[in-house]
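Work through the exercises below with the model open. Try each task before reading its solution.

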Amino acid sequence: MNPAKRVHRLLAVTEYLQSGRAFTARDLAEFCGVTKRTIFRDIALLREAGLQVVNDQARGGFHLTGPMLLPSTEFTLAEALALLVLCGGLDGDPAVAGPFAATARTAARKLLNGLPGKIRDDVGELSSRIESAGTQLTPTDEAGKAYAAVEEAMRTGRKVRIRYDSFTDGKVIQTLLSPYRVIFFRRAWYVIGRSSVHRQNRTFHLGRVVGTEPTDDAFTVPPRFSLARYFGDAWQFIREKGDRHEVVVRFAPLVARNVAEVRWHRTQQNKFLDDGSLEFRASVEGLTEIVWWVLGYGREAEVIEPQELRDMVAGHADDVRKMYRR
């Protein structure tokens, strides 16, 4: 097991547990991308380290009681270096990594200052030579305010009223939001929760929130809610319920290995053919997102099934050809 991944996950689990809410082992496993057995081992390690992690059945899961500060830990050179790199170093770009960047850099400074002299010197020298390429964001004051407002609403269990510049509606709308989860996806932060205007769970881009107002209206997260259930078999982020398709795409040898090396979808099946090409299969709910993925590979990708997706790709290709012939 990579020690950097283990320490990073333990810190993430601790952050969830000290949020004041209770989480099931399944919730934590889903957030961290590991099994429930791994989460149980992590909780045992946190308890051995002195953290008061309790499993409160009345509240529906694990949470942290007692002091919120972690006890001092003896980090190895590899563990300290990994954490510093993951935190973006000491002088990282504020446009990288989003809301947690400043806090992560503060933690990095504390970690570095608390290390023994020899390890501190070695880590300082090595970390200056290693960089972790973060995700470049477009920082806005409103996005930061929206994130803080949503985080506070989740912490207190109170709904938040938001004014949202809706791409779909083409105007600014106002809705009362019960925020269930915040997720970072494809260079942006999103909040997912129950919207009073839409009367259903919706996804909102925090960068498009133009105003927030706290309320005293309480909310609770439905016991069966999870991101896995919410997204279903969407290709990435947009689930089109009732529009399931069995997709087959043949990738030319030039990109076949590149495609096969990535886990694009949970239903993905790869089959290399005799000529070196790849037959890619997946069962998805909705074709809107996957059509853009296929187009990104240009002539190296051919949709075999379904016909609807073939027609969509062909239509875009015709439009591009017409545009360049003008």
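**Exercise 1. Is Ser178 buried or exposed, and at what relative accessibility?**

Step 1. Ser178 has 5% relative accessibility, so the residue counts as buried. The classes are buried under 20% relative accessible area, exposed over 50% and partly exposed in between, with a 1.4 Å probe and protein chains only.

Step 2. Ser178 belongs to strand 4, residues 171-185. Helices (H or I, at least four residues) and strands (E, at least two) are DSSP runs, numbered from the N terminus.

Step 3. Setting aside neighbours within four places in sequence, Ser178 is in contact with Lys159, Ile192, Gly193, Arg194 and Phe219. Contact means heavy atoms within 4.5 Å.

The model is predicted: local features need pLDDT of at least 70, side-chain atom pairs count only at pLDDT 80 or more, and totals for chains, interfaces and linings use all residues. Residues are numbered from 1 along each chain as its sequence is written, and side-chain values use heavy atoms, with hydrogens and water left out.

**Exercise 2. Find the angle at which the axes of helix 2 and helix 3 cross.**

Step 1. Take helix 2 (residues 25-32) and helix 3 (residues 36-48); their axes come within 8 Å and cross at roughly 100°. Axes are lines fitted to C-alpha atoms, for helices over the stretch in contact, and angles run from 0 to 180 degrees between N-to-C directions.

Step 2. Helix 2 and helix 3 are therefore roughly perpendicular. Angles under 35 degrees count as roughly parallel, over 145 as roughly antiparallel, 65 to 115 as roughly perpendicular and the rest as oblique.

Step 3. Helix 2 makes the contact with Ala25, Arg26, Leu28, Ala29 and Cys32, and helix 3 with Lys36, Ile39, Phe40 and Ile43.

Step 4. By class, this contact of helix 2 with helix 3 has seven nonpolar, no polar and two charged residues. Ala, Val, Leu, Ile, Met, Phe, Trp, Tyr, Cys and Pro count as nonpolar, Asp, Glu, Lys and Arg as charged, and the others, Gly among them, as polar.

**Exercise 3. Which element gives the most to the lining of the second largest pocket?**

Step 1. The volume of the second largest pocket is about 1100 Å³.

Step 2. The lining has 30 residues; the closest to the pocket centre are Thr203, Tyr230, Phe237, Ile238 and Arg239.

Step 3. Strand 3 (158-166), strand 4, strand 6 (200-205), helix 8 (227-231) and helix 10 (288-295) each supply at least two lining residues. Strand 6 gives the most, with six.

Step 4. The lining divides by class into 12 nonpolar, nine polar and nine charged residues.

**Exercise 4. Which residues of helix 10 are buried, and what covers them?**

Step 1. Glu289, Ile290, Val291, Trp293 and Val294 are buried in helix 10.

Step 2. Their cover includes strand 8 (244-251), helix 9 (253-260), strand 10 (278-285), strand 11 (301-305) and helix 11 (307-325).

**Exercise 5. Inspect the backbone at Pro306 and Arg199.**

Step 1. The peptide bond from Glu305 to Pro306 is cis, with omega near -5°. Pro306 sits in the loop between strand 11 and helix 11.

Step 2. Arg199 is not a glycine, yet has a positive phi of about 60°. The loop between strand 5 (188-195) and strand 6 holds Arg199.

Step 3. Arg199 has a relative accessible area of 68%, so this residue is exposed.

Conventions. On a 1 Å grid over the protein atoms alone, a cavity is a set of points where a 1.4 Å probe fits but cannot get out, and a pocket is an open set with protein on both sides within 12 Å along at least five of seven lines; lining residues have an atom within 4 Å of a point. Grid points are joined across faces, edges and corners, and a volume is the space filled by probe spheres set on the points.
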